[in-house]
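This report goes through a few local features of the structure shown below. It takes up aromatic rings, a pair of packed helices and a single side chain in turn.

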Amino acid sequence: MPRPRSDDKRAAIMAAATRIIAVQGLGAATAAIAKEAGVSNGSLFTYFDTKADLLNQLYLELKGEMGAAALGGLPVADARTQMLHMWSRWMDWATANPRKRRALAQLQVSDEITASTHESASRTMAGIGGILERSRANGPMRDVPAALVFTLCNALAEATIDYIIGDPDRADEHKQSGFDALWRMIG
């Protein structure tokens, strides 16, 4: 009879995978992840069928956490106000969770992340996408493919996050400057 799975052990594996991937990259051995989590390598595969399964589930978890942070407390307001709220919360999440940000960036471009996982992540982020679409509906980027607009927004966000991390005393100023550039681009 197989052992019952523990939510705590699964969470420990996910947290360890985040830390190890952030430092060692996607080529990190599952044995290193298991050791960091305090479980045997065999136990890791009780929770995840393959390393690719672990990476896909980690990607979904991190995208969901980031999206929930960005949308948390979203005001009922015009698109610009909602976009500023999301932007600020996204910056706060990323700067408070540098390892998660690094791991997510690596997972985002990994060939191990399946098309269905990317689609599922997109559904998770639909609220953000909807606000972005409303924000650009009458702006200069209205006829540009949505995927390009999302990529440009992400690049601007990453640059802003890097400045916030490099100059935390001026975090609010950098956050606002990044948003102002974003809004000029899409609004």
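Predicted model: local features only at pLDDT ≥ 70, side-chain atom pairs only at ≥ 80, totals over all residues.

Phe179 lies in helix 10, which covers residues 171-186. Trp183 is in helix 10 as well, four residues from Phe179, so about one helical turn separates the two.

## Aromatic pairs

A pair of aromatic rings is described by the distance of the centres and the angle of the planes. With ring centres required to lie within 6.5 Å, the count of aromatic pairs is two. In one of them, the rings of Trp87 and Trp90 have centres 6.0 Å apart and planes at 75°, which means that the pair is edge-to-face, a term used for angles over 60 degrees. Phe179 and Trp183 form a stacked pair, with 6.0 Å from centre to centre and 20° between the planes.

Trp87 and Trp90 belong to helix 5, residues 79-96. They are three residues apart there, so the separation is about one helical turn. Trp87 and Trp90 are both buried.

## Helix 4 against helix 5

Two packed helices are described by the angle between their axes and the distance between the axes. Helix 4 spans residues 51-71, and its axis comes within 7 Å of the axis of helix 5, the two crossing at roughly 130°. Because of this angle, helix 4 is oblique to helix 5. The crossing of the two helices is right-handed.

On the side of helix 4, the contact is made by Leu62, Glu65, Met66, Ala68, Ala69, Ala70 and Leu71. Helix 5 contributes His85, Met86, Arg89, Trp90 and Trp93. By type, the residues of this contact are nine nonpolar, one polar and two charged.

## Asn56 and its neighbours

Asn56 is found in helix 4 and has a relative accessible area of 7%, so Asn56 is buried. Leaving aside residues up to four places away in sequence, Asn56 touches Glu112, Ile113, Thr114 and Thr117.

Technical notes
Residues numbered from 1 in each chain as written. Heavy atoms only, no water. Phe/Tyr/Trp six-rings, centres within 6.5 Å; stacked < 30°, edge-to-face > 60°. Buried < 20%, exposed > 50% of the residue type's maximum accessible area, 1.4 Å probe, protein only. Axes fitted to C-alpha atoms, helices over the stretch in contact; angles between N-to-C directions. Parallel < 35°, antiparallel > 145°, perpendicular 65-115°, else oblique. Left-handed = near helix turned anticlockwise from the far one by under 90°. Contact = heavy atoms within 4.5 Å. Nonpolar A, V, L, I, M, F, W, Y, C, P; charged D, E, K, R; others polar.
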